[in-house]
Amino acid sequence: MNPKVNGESQVWVWVEHHQQELAKVSLGLLGKARELCQQLGGGEVASVLVGAEELAAELIDHGSDKVYLANNPPFPLFETELCTHLMTGLIQSHQPEIILWGATSLGRETASRVAAKLGTGLTAHCIDLCIEEINGKHQLVATVAGWGGNLTLKIICPQRRPQMATVKPGILSPSPREKRNGEVIPVKVEDKTPRTDIVEVVEEQKKAKSLEEAEVVVVGGWGLNSVGGFQAVGELAQILKGSVAGTRPAVDAGWIPAERMVGQSGKTVAPQLLVTLGVSGAAQFATGVLNSKLILAVDKDPHAPIFEMADVGIVGDLQEVLPLLIDKLRAIKGNT
Amino acid sequence: MPCDIVVCVKQVPHPDYLNKISIDPTGGTIEREGVPALINPGDRNALEEALGIRDRFSGRVIVLTMGPPQARKALEEALAMDADDAIHLCDRAFAGADTLATAQALAYGIRKLEHFDLILCGNTTIDSGTGQVAVQLAELLDLPSIIDAEELTFEDERSLLVKRIWERGYIKVRIKLPAVIAVTAKINQPRLPTVLGIMAATQKEIKNWTAADTGADTGRVGLDGSPTQFFEMSEFHAKRQGEILQGSPEEAVTLAIDKLVEREIL
C-alpha cells in the first residue's frame, strides 16, 4: 500500500539559497527526493522556497514538480521562527509524507522547531535515505552514524507524519540541470512578529574554497607528528589544487583550525580525490569521507583501518614517502 | 536583578572509548559496559557561561539532566564546578527517548521550577550529535531560541545580543529573556572542578524527580513518546576494494600515481 495524500505521495524539500544561488545541499536533496518518489511507486516532489522567485525554474529543472513560493511578504531565511510558521502551515494543509532538510545551521534550527511543533520525528545527519516496506507500509528508512560513527543505525518514524530527515552538506551531489515542467504556487505568509531581532548579518570572506565543495582534499592526522606537523599537507594540497583538512587529533594538536576538521563531529567531504596522510581511519573519521570518489592513504601502520576504506594504500614511513609523493606529483602537475 | 539559569547537561561516553562501543549480537542493544562517562563537553561550555552570568548578576545555576541512575555523576561534577542546584530526571519511563521525547522530559522538569530566566545548552553532543534538543525544548516551552551561539552580551538584564555562527559568517541576534540558547565550544574555556568545589558539592542536594514527580504524560516521554524508532543497528565498516601497494617507497609512490592517472583523477 502506498501512502497517498490527495492521490499523490509527496516528498518535500526545504530549500536554502543565498545571493541568488541555490545551496548545493538543497539540490542534492531534490535528487534524493525524486529517488524516494520512485521507490514509493510514483508521486510528486515539491520544494518550499522562501523569496527568490527567480530560482523556482531551477528547482523544477532539478526535480521539483511543484514549488511553493513564499515571497508575499518576503522574509530572510535567518528568520527561523517565520520559516517554522510557514512550514507548519503548509504541512498542515498539504500533509506531505516526507520532508528533507539540509543540516545547515539555519536548516537544522527550523527543522527542529517544526518537528517539535507538529510532534513528529526528525532524524539528524542521515548518510542514506531509502523507502522500505515495513509492516505493510512504505516507510522512510534513514541511516545515521551513531556513537562516534562506530555504529550505523537505521531509523524509522512509523506513526507520525511527515517523516523528516536532515542531511549534511557534502553527502548528496546534485544531478545536472535538465529542462522540466512544473508549477509554481505562490503562498501567502501570515503576519507574525518573530521574537528574535536580527541586528546584523556578517559574511566573512573565505579565501579557500569550502571543504565540502573541494574536488581534492588532503587530510592530515596524528601520524604527521613524525614529520613535525602539517607542512607537507599544505604543500600537497597546493600541488593538487586542493583543500587542507585534519582529523580530530590533528585539530587537538593545534595543527589546523576546528573549521577544517573532517569526520562525524566535523565536516563531511565528497571530493574526487581524498589523500590521507598519517590518518589511522577511526570510524569517527570514516563517516565524514564515505562519498569520496577515490581515497589514497599513506600511513606507517599496515593494520590501520584506513587501509580497509582506501582505494589505494601506501604503507610506509611518512618521512620517506611524503617527499617522494610531493616530488612526483609536482613533476606530473607541472607537465600538464 | 538576579538571573536564574537552567543548564541542561547530558552524560556521554568518553570520546576515547567510542570505538569500544559495540552491539550485543543477541539482544541488538548497545554495549556501553566499561566505557567511562563524562559530561558532554559542549554542556560544560554552557555551564561555564551560566556560572559567569550568575557571578555577575547573582541568581542560581540549576543543572538538569535526564538519564539513568549513573548520570548522577555528571550532576556531581557540575555541582563541583560551582553550580547551585541539581535535578536528575530519572525514571524508566524516560528511557529510550529520541530528541523530541528528551526535550519533552526536560520541558516537564523545567515547568516544575518556580522561576528561571535563561536556559543554556551545549550546541551538540559528542555521542548522537543531533543538536536538536535545545530548539525542540524551546518550542515546547514556547520560548525563542538561538543555536550556534559563540558570544553572549547582556544589553540590559532582560535582553541579550548573541553572536550566532552560520556557514558564511555570523549573525548578531537580539533575544529577550526568557529564552533558550545553545552555545559552541568557542564561547569560553570551562573551569575544572577544584578540591574545594568537590568538597562543597558533597553538601549540595541532588533532587531526583520521577516522571510522576514532574507530572509528565508518559505517552509523551521515553520510548512511548518518541516518534522515531531504531529499526536496525549494525557496526560500521567503510570497506572498499582497496589495494596496498607493494615495493619500495619509491615504487609504491610511482604505482599510486599511475593509478590516479589511470582513473583519470590526475
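Q: So helices are DSSP runs of H or I with at least four residues, strands are DSSP runs of E with at least two, and both are numbered from the N terminus. Where does Pro178(B) lie, then?
A: Pro178(B) is in the loop that links strand S11 (169–176) and strand S12 (179–183) of chain B. Keep in mind that this is a predicted model: local features need pLDDT of at least 70, side-chain atom pairs count only at pLDDT 80 or more, and totals for chains, interfaces and linings use all residues. Residues are numbered from 1 along each chain as its sequence is written, while chains are lettered from A and ligands numbered from 1 in the order in which they are written.

Q: Is the peptide bond from Leu177(B) to Pro178(B) cis or trans?
A: Cis, with omega near 0 degrees.

Q: And what about Asn72(A) and Pro73(A)?
A: A cis peptide bond joins those two as well, with omega about -5 degrees. Pro73(A) falls in the loop from strand S5 (66–72) to helix H3 (80–94) of chain A.

Q: Switching to phi: what value does Ala52(A) have?
A: Near 50 degrees, which is positive although Ala52(A) isn't a glycine. Look for Ala52(A) in the loop between strand S4 (44–50) and helix H2 (56–61) of chain A.

Q: Buried or exposed, that Ala52(A)?
A: Buried, because it has 20 other C-beta atoms within 10 Å. The cut-offs are 20 or more other C-beta atoms within 10 Å of a residue's own for buried, 12 or fewer for exposed, and partly exposed in between, with C-beta atoms placed from the backbone.

Q: How about Asp142(B), buried or exposed?
A: Asp142(B) counts as exposed because it has 10 C-beta neighbours inside 10 Å. Its phi is positive too, near 55 degrees, and Asp142(B) is found in the loop between helix H4 (133–140) and strand S9 (145–156) of chain B.

Q: On to helix packing. At what angle do H2 and H5 of chain B cross?
A: Roughly 120 degrees, and the axes of helix H2 (residues 72–80) and helix H5 (residues 195–202) of chain B come within 7 Å. Axes here are lines fitted to C-alpha atoms, for helices over the stretch in contact, and angles run from 0 to 180 degrees between N-to-C directions.

Q: Why call H2(B) and H5(B) oblique?
A: Under 35 degrees is roughly parallel, over 145 roughly antiparallel, 65 to 115 roughly perpendicular and the rest oblique, so H2(B) and H5(B) are oblique to each other.

Q: Which residues meet there?
A: Glu76(B), Leu79(B) and Ala80(B) from H2(B) meet Gly197(B), Ile198(B) and Ala201(B) from H5(B). Contact means C-beta atoms, placed from the backbone, within 7 Å.

Q: How many residues does each chain give to the contact between A and B?
A: Chain B gives 66 residues and chain A gives 74. On the side of chain B that touches chain A, H7(B) gives the most, with 9 residues.

Q: What's the strand order of the open sheet in chain A?
A: S7-S11-S6-S1-S4-S5-S12, which is 7 strands with parallel pairing. Strand S7 (122–123) and strand S12 (183–188) of chain A are the edges, each pairing on one side only. Inside that order, strand S6 (residues 98–102) and strand S11 (residues 163–167) of chain A pair over 5 bridges, and Gly102(A) has Val167(A) as its bridge partner.

Technical notes: Contact = placed C-beta atoms within 7 Å. Pairing = 2+ DSSP bridges.
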